[in-house]
Amino acid sequence: MSVHAPEMPIEVDADTGVWTTDALPMLYVPRHFFVNNHMAIEEELGPERYAEILYKAGYKSAWHWCEKEAECHGISGDAVFEHYMKRLSQRGWGLFTIEQLDIAAGTARVRLDHSAFVYQYGKVERMVDYMFTGWFAGAMDQIAQSLGYPVRTRARQVQSGAQTGCDYGLFEVSPL
């Protein structure tokens, strides 16, 4: 295993302790802490209900992130979605690869290798990466709106590395 320092800028305010990357404040927590909280909430609400809640929250958060990052870096269109996938990968959620992207049409296909959720859950014969679905639709819709495209989208996970026979996760974004 080779390792390297983070590839994104991290600044820590000496007075407040707040971590910032690019245009946004960040939190740095152990993966097991985050995923164990996720699993506890899922156990109480059920995965379907929890997925609905996370979809809405993730959509809103991705919209905000893309808006702020586009402004911070002076980027637009595909470059924003590509930057988002890069930053998600750099922050330890897994490695996200864009297999297909057409913002005007409202379509995308994203592959996820080395999912933080799969590492914690293992092979449980169901999709466990559903937290990301709202992120992809929120990102797509924010970028589309910024370009003047009327399309609105929905994202769904079609496979997970937590399922037997699947080595990676796969997500599809399509118009509503």
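How many salt bridges does the structure hold? The structure holds 7 of them, a salt bridge being a side-chain nitrogen of Lys or Arg within 4 Å of a carboxyl oxygen of Asp or Glu. Side chains of opposite charge can pair when their charged atoms come close.

Before you click, note that this is a predicted model, in which local features need pLDDT of at least 70 and side-chain atom pairs count only at pLDDT 80 or more, while totals for chains, interfaces and linings use all residues. Residues are numbered from 1 along each chain as its sequence is written, and side-chain values use heavy atoms, with hydrogens and water left out.

**Stop 1**

Select E42 and R126, whose side chains meet in a salt bridge (2.5 Å, N to O). E42 sits in helix α1 (residues 31-45) and R126 in the loop between α4 (116-121) and α5 (133-146), 84 residues apart. Helices (H or I, at least four residues) and strands (E, at least two) are DSSP runs, numbered from the N terminus. E42 is buried, at 6% relative accessible area, whereas R126 is partly exposed at 27%. Buried means under 20% relative accessible area, exposed over 50%, and partly exposed in between (1.4 Å probe, protein chains only).

Next, pick R49 and E52, where the closest N and O atoms of the salt bridge are 3.0 Å apart. Both residues lie in helix α2, 3 residues apart, about one turn of the helix.

Now select R109 and E172, which form a salt bridge (2.4 Å, N to O). R109 lies in strand β5 (residues 107-113) and E172 in strand β7, so this pair ties together parts 63 residues apart in sequence.

**Stop 2**

Show helix α2 (residues 47-73) and helix α3 (residues 78-90), whose axes come within 10 Å and cross at roughly 110°. Axes are lines fitted to C-alpha atoms, for helices over the stretch in contact, and angles run from 0 to 180 degrees between N-to-C directions. The helices are therefore roughly perpendicular, a label for angles of 65 to 115 degrees.

**Stop 3: two cysteines**

C66 is buried, with a relative accessible area of 0%, whereas C72 is partly exposed at 39%.

Conventions. Parallel < 35°, antiparallel > 145°, perpendicular 65-115°, else oblique.
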